[in-house]
Every structure is written in C-alpha cells, then in structure tokens.
2 protein chains.
Amino acid sequence: MDIEQQQQFRAFTDYRWDDVAHMPYKEDGTAPFKAISRQLLFAEPQLGCELRYFEMAPGGYSTLERHEHMHAVMILRGHGHCLVGEGVHAVKPFDLLTIPAWTWHQFRATDGESFGFLCMVNARRDKPQLPTEQDLQSLKLHPAIAAFLA
Amino acid sequence: MDIEQQQQFRAFTDYRWDDVAHMPYKEDGTAPFKAISRQLLFAEPQLGCELRYFEMAPGGYSTLERHEHMHAVMILRGHGHCLVGEGVHAVKPFDLLTIPAWTWHQFRATDGESFGFLCMVNARRDKPQLPTEQDLQSLKLHPAIAAFLA
C-alpha cells in the first residue's frame, strides 16, 4: 500500500489508546480553559467526520465557545456539568449531548474527579468564536448559567 | 423553529437512551446473525456521519459481511471477539477497531455476557455483501478464523 495503514486494533488502557497521541492544551495564564487534553481516535477521510476524546482533570473546564458546526457528545468518564445554550446539565457516563450550530457551550469537571467525553464532528468545520463581555453578561442573566460560570 | 429540534440532553440508563428507539433485528431462522439490536444515537445531516450502538446478547453475533464504507468502532460493554480481515481480536470496553473498505468482519459476544459497541459510519454508504461459500472456505484456511467461525 502507498499510504500508511491504520492499525485495525488499538487497545485501551487507563484512558489512553495504542498509537493515539495525548495532547494536553497549553495554558499560558490567559487561556479560557483549564487542565484539558485531546486524543484523536478516528480521523480517516472516508468517514467524513472525526471522533475525539477530551478529558479534564478534576476542577478543569473547556473553553466557553460557539461555532457553526454541530457537536455530538457522549460522556465516557466521571461526572461533570455542561452548559448548552440556556441549559446546564449534570452528566454521567454514556449520557448524550447534542450541541447545535451557534450554541454557547462549556464542559466542567466535578471537583475531585477526572471527566472525559467523546466528541464527534464533521471533518470540515469552522473555527470557534469566544464570547464578548456583552455575551457573557447576557448568559449570566440566567441564574443557572451564572452559577455554572462562577 | 420550523424543523424538529433534537433533544440537547439524552440520559443513559442500562444501555438505553432517552428518545432513542431500540431496534432488535428480526431473526427468521436463516438470518446470518443472532440476538443483536441497534440504537441510532446521532444522525444529524450536518455531521456527515452517524453513530450507532449495537448490542448482542450473550452468545450473539453480528452478520459476517464486507462493504466499501469504513467502520470506526469503540467497544462499550462486555467482552467479545472480532474478526477483521485476517485477524481475530479479543476486545474489552473502550478498545478501538478500524474496519477498512472491503474487509470481512464479524463481532461475537463472549458467552454469558452482553457485548456492545459504538460504530461510526459515513452517512452516505453502500450496502453490505455476504460471503459466498468460496469466500468462507478461503477465510477458514486461517486456523484462528476457522475457530472463530466454528
């Protein structure tokens, strides 16, 4: 074969996988996320989409953002809370979340527990937008979101 | 909104999900599978792909088949064995399998245990092919496959 062949079997061990790079996000003090890493599990062009595994250390959180592309999420490890639009959901393993286009979203690990999820996305997608100060003020008008973001 | 909105949060309970239909495959005695069901977790057109959950009762197995489209698989429940091409893999939760184009594959649950996996596929895909008697004879030339199919 001319192209490198994907391993047909990749074993799981302690939330890492054979031949999958573990990519911690670099924090520079101003970044709007904390203690999060990414592993790209499937990204073959024939699939049309990618499957990633994101994990936060206890107390970690993802960037609050929105974009045109949709996220299809399954929780895999631990417990946390997810902001999706105007709702905040307490989630546990194998729960599903659908994040529609242009919907603000953020994931937060419960204290004392690592929290990980699968995220399926279209391989062709736009870059995320961060909230302006005005967006944040609007979000915080919802008491549940104000508590989540606090 | 004009179109029906996907629930943003769907809870998991005992390998079923809120608002997800459980679809057992009908067996008519001649069907080349046993005790298997399907649940379609994500199929939004924007994603370009679908995520399904297949589960076999103890001793169940999927159809031995091949097709042009690729499967991206993560084991979710129990233990089993998977035939992929010329290899037979013993698998456990969160292990990954990549099933390339035109590769024979079949999943078998370990006795005494339910066995389930996620399968990600392109939304646009071809229909599976079943093996001819000659294909089966060729596969059985591999001792590990002969034992798997026995």
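**Figure 1. Contact between chain A and chain B.** In this predicted model, 39 residues of chain A are in contact with 39 residues of chain B, contact meaning heavy atoms within 4.5 Å. About 3,500 Å² is buried between chain A and chain B, with carbon and sulfur atoms giving 70% of this area. Buried area is the accessible area (1.4 Å probe) that two parts lose on being put together, summed over both. On the side of chain A, the residues that lose the most area to chain B are A:Q8, A:F94 and A:L96, together 21% of what that side buries. Residues are numbered from 1 along each chain as its sequence is written, and chains are lettered from A and ligands numbered from 1 in the order in which they are written. Local features need pLDDT of at least 70 and side-chain atom pairs count only at pLDDT 80 or more, whereas totals for chains, interfaces and linings use all residues; side-chain values use heavy atoms, with hydrogens and water left out.

**Figure 2. Polar contacts and strand pairing across the interface.** Between chain A and chain B, 14 residue pairs are in polar contact (both at pLDDT 80 or more). A polar contact is a pair of N or O atoms within 3.5 Å; within protein, one must be able to donate a hydrogen and the other to accept it, and residues adjacent in sequence count only if both atoms are side-chain atoms. Strand 1 of chain A pairs with strand 10 (residues 96–99) of chain B in the antiparallel sense over two bridges. Strands are DSSP runs of E, at least two residues long, and helices are runs of H or I of at least four, both numbered from the N terminus; two strands pair if DSSP finds at least two bridges between them. A:F9 has B:L97, in strand 10 of chain B, as its bridge partner.

Figure 3. A salt bridge is a side-chain nitrogen of Lys or Arg within 4 Å of a carboxyl oxygen of Asp or Glu. In the pair formed by A:R77 and A:E55, the closest N and O atoms are 3.1 Å apart. Because A:R77 lies in strand 7 and A:E55 in strand 6 of chain A, the pair ties together parts that are 22 residues apart in sequence.

**Figure 4. Surroundings of A:L136.** Helix 1 (residues 133–139) of chain A contains A:L136. Leaving aside neighbours within four places in sequence, A:L136 is in contact with A:L64, A:P131 and A:L149.
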